[in-house]
Amino acid sequence: MPMPSPSILPWLLLAIPLLAAALCAVVPKARTLLLCAWGGVWLAAGTGAVTAAHVFGQGTLVAAAGWLRVDALSAYHLIVMDLVFAASSLYAHVYFGEELASGRLAPSQARRLAVLWCSALAAMTGVLVSNNLGMMWVSMEATTLFTAFLISLHPSDESLEAMWKYILICSIGVAFAFLGTLLFSAAYSQAGIEAGEPMLWTTLQAHAASLDPSLVKLAFVFILVGYGTKAGLAPVHNWLPDAHSQAPAPVSAIFSGFMLNAALYCIMRYLPIAEIATANVGWARHLIGGIGLLSIGVAAAFILFQGDLKRLLAYHSVEHLGIIAVGLGLGGLGTFAALFHTLNHSLCKALAFFAAGRLGQRYGSHDMERINGALRVSSVWGVAILASLLALVGVAPFALFMSEFQIVWAAVQAGAYTTLILFLLGAGIVFAGALSHVIPLVFGPAPSDVRSLRATSLEWALVGVPLLVLLGLGIDMPAPLQSALHQAAVLIDPGNTLAAPLVAVGGLP
Amino acid sequence: MVLVLLLICDIRLLAGSRLRALIQTVALQGVLLATLPLLLEGGGLSTAHVQSLAAGVALIKGWVIPRSLRRALRETDAQREVEPLFGFNLSLLVSLVILATSVWISHGVAFPGAVKYPLLTPVAFSTLLSGLYLVMARRQALTQVVGYLVFENGIYAFGVVVLHDQPLLVEMGVLFDLVVGVLVMGLVVFQLERRLGHSDAGRLDRLRG
């Protein structure tokens with residue numbers, strides 16, 4: 001049998017979720033159409049795995065006259081996205097299956113959920129595979145529009161309010177990013193280079209050195225504010241705690257687990273261009289690192305006094321996206337660690353939202369005053385919330401500890417001691433604040449009116465597999481992952497020479 | 001001439017209190033914007049690409065979006081902006097400040113294309129800032145949607161200044177996002193109204209901390 005050309009893969013990545021969405025729109029029965037959605041996601045995730053394997057093995061994939069392009073950075077994010085979506089779909093099968101059986105989820109709502117779920121996957125894939133920066137923007141805005149109605153899947157005063165804030169703040173924010181996109185391509189037109197299309201990332205990247213620095217600086221600020229809004233970086237994070245706390249748990253998991261990273265991915269794309277255009281003095285990296293530190297600080301303050309479990313997790317997202325930004329700001333080993341942290345945070349945060357959602361269904365609330373003794377109500381989800389919260393505050397030996405440690409190491413190497421001190425201070429406050437929430441949440445007696453939960457083997461797998469992966473990655477990083485991270489990091493930080501220090505960190509206990 | 005009209009639209013948007021008039025003004029502004037690329041550089045740029053884009057923009061910004069906004073308006077009983085955070089006279093003053101700031105910004109940065117059309121950048125910026133002001137300072141959800149549209153109009157005007165050779169597909173994608181965005185926002189306004197009995201975004205304050 002002749003092998004089809006691998007350049008069909010980017011097309012398949014976009015087509016599968018779109019077809020699944022279309023299928024979900026016409027299938028009559030609620031239960032069947034939900035299964036179609038989860039199946040579609042798994043099929044897309046499989047294609048994503050094949051694509052990533054191809055990219056890391058044989059190099060960049062290009063299709064559609066250079067408009068679609070999957071390089072190591074996109075492929076790495078593709079893997080993270082597919083892991084989050086595949087796990088969240090299994091979890092959604094459990095979560096919404098129960099709601100459908102109890103009548104809390106009407107068939108019409110199930111249809112809306114399934115269609116939007118698959119469309120959101122298609123839009124996020126679009127962000128990752130677009131080489132055209134205009135199309136990348138269009139896809140990013142599409143993710144906002146598709147996911148807005150997922151927040152208010154169960155309409156209530158609060159969820160409508162959260163949805164309104166989400167759509168208004170994110171639309172305005174992402175519009176700023178469009179302004180930045182325009183300015184970048186304007187800088188290209190101004191440079192008077194004839195070759196290539198001005199909206200393609202590859203052309204901008206190739207000619208970055210000849211762009212006007214003042215224009216690029218202005219453009220990058222717009223990009224950072226714009227996509228930063230969607231990524232939940234402070235001070236433009238206001239929509240995030242509301243949206244994450246009101247959306248159903250599986251939706252929160254994909255929001256926190258990947259949608260924020262998709263926005264940060266857009267910033268990663270612009271970072272090398274801005275750096276090269278401003279003569280590699282670290283201007284753009286300082287800017288993003290500063291915003292990262294601010295995010296950690298703001299999140300730490302809110303985590304300390306948080307009463308709602310899902311809002312707590314939402315502020316953890318602000319913190320961890322801030323940590324990734326700090327890593328990017330440091331460059332070198334920091335870039336590598338930031339990408340590693342992306343994977344760790346996404347897995348861990350998805351697991352945390354899974355647990356918060358299942359416990360919330362039992363307790364009928366996400367108020368931490370009410371959620372007590374989670375271990376007694378459900379051993380599996382109690383373990384999940386305990387382990388994921390500990391991992392989120394950076395307890396060893398989870399992988400998040402390793403990536404945060406690498407960022408600290410990168411700060412020491414770079415001599416960025418202010419960053420180091422602020423980072424450790426923020427992480428310390430988060431650690432103390434979150435730990436004071438965890439203990440009553442997990443241990444202690446449960447309220448008498450809460451029935452205990454008998455978990456299925458699927459639920460055990462949903463908790464066990466991510467936890468084992470997080471533990472495994474915390475102890476030792478497999479060589480393929482290391483090589484993938486290197487290939488992706490070099491794209492963000494072209495002058496990256498991190499081979500030597502990495503061995504030292506990898507060898508540390 | 002078109003530029004002066006665009007500016008008058010900005011001022012009218014900030015000083016007006018009746019929602020119906022706001023929607024009319026934003027529609028007018030959209031149509032004016034659509035003619036902008038046709039007027040630049042005379043007939044030299046009037047390729048099929050530019051013409052079809054102008055037609056698309058006029059249709060969407062002048063007809064499709066205002067129509068759905070009017071429908072949303074009929075469903076709500078909000079005909080006027082309720083007690084704005086800043087009074088309408090103060091808003092007039094703000095529009096002057098916005099204009100001055102825009103002129104200042106346009107002088108500060110050397111935008112490509114700004115040499116040829118020195119007035120276009122300040123107009124684009126002042127439209128952009130007016131939209132942002134409407135979103136931030138007004139309480140009625142529908143006025144905020146109008147503000148978002150004005151903001152987008154500003155970006156469009158800015159796009160006309162800095163480059164006129166974007167691929168059609170990208171521009172169509174942007175327009176499509178805009179339409180869907182406004183439709184979604186309109187639907188949220190419906191739901192707010194049906195559920196809460198009002199669409200006063202200033203009273204949406206249950207979620208905090």
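Across the interface of chain A and chain B of this predicted model, one residue pair is in polar contact, with both residues at pLDDT 80 or more. A polar contact is a pair of N or O atoms within 3.5 Å; within protein, one must be able to donate a hydrogen and the other to accept it, and residues adjacent in sequence count only if both atoms are side-chain atoms. Zero salt bridges are found across this interface. The salt-bridge rule asks for a side-chain nitrogen of Lys or Arg within 4 Å of a carboxyl oxygen of Asp or Glu.

Five elements of chain A give two or more residues each to the side that touches chain B: helices H5 (133-151), H6, H8 (213-231), H9 (239-246) and H12 (309-330). H6(A) gives the most, with 22 residues. The residues of this side divide into 28 nonpolar, ten polar and eight charged. Here Ala, Val, Leu, Ile, Met, Phe, Trp, Tyr, Cys and Pro count as nonpolar, Asp, Glu, Lys and Arg as charged, and the others, Gly among them, as polar. Helices (DSSP H or I, at least four residues) and strands (E, at least two) are numbered from the N terminus.

In contact terms (heavy atoms within 4.5 Å), 46 residues of chain A meet 43 residues of chain B. The area buried between the two chains is about 4000 Å², and carbon and sulfur atoms give 76% of that area. Buried area is the accessible area (1.4 Å probe) that two parts lose on being put together, summed over both. In chain A, A:Leu160, A:Glu161 and A:Trp164 lose the most area to chain B, together 17% of what that side buries.

The largest nonpolar core holds 269 residues, of which A:Trp164, A:Tyr227 and A:Trp381 touch the most other members. Such a core is a set of buried Ala, Val, Leu, Ile, Met, Phe, Trp, Tyr and Cys residues joined through side-chain atoms within 4.5 Å. Buried means under 20% relative accessible area, exposed over 50%, and partly exposed in between (1.4 Å probe, protein chains only). Helix H6 (residues 157-190) of chain A supplies the largest share of the core, 21 residues. Leaving aside residues up to four places away in sequence, A:Trp381 touches several residues, including A:Tyr91, A:Phe354, A:Arg358, A:Leu453 and A:Glu459.

Chain B comes to seven helices and zero strands. Of its 209 residues, 56% count as buried. Among contacts in chain B between residues at least 6 apart in sequence, 78% join residues at least 24 apart.

Backbone geometry was examined in chain A. Most residues other than glycine have a negative phi, and most peptide bonds are trans. The bond from A:Ala234 to A:Pro235 is cis, with omega near 0°. A:Pro235 lies in the loop between H8 and H9. The bond from A:Ala396 to A:Pro397 is also cis, with omega near 5°. A:Pro397 sits in the loop between helix H15 (379-392) and helix H16 (399-414). A:Ala64 has a positive phi of about 55° and is partly exposed, at 30% relative accessible area. A:Ala279 has a positive phi of about 60° and is exposed, at 57%.

Residues are numbered from 1 along each chain as its sequence is written, and chains are lettered from A and ligands numbered from 1 in the order in which they are written. Local features need pLDDT of at least 70, side-chain atom pairs count only at pLDDT 80 or more, totals for chains, interfaces and linings use all residues, and side-chain values use heavy atoms, with hydrogens and water left out.
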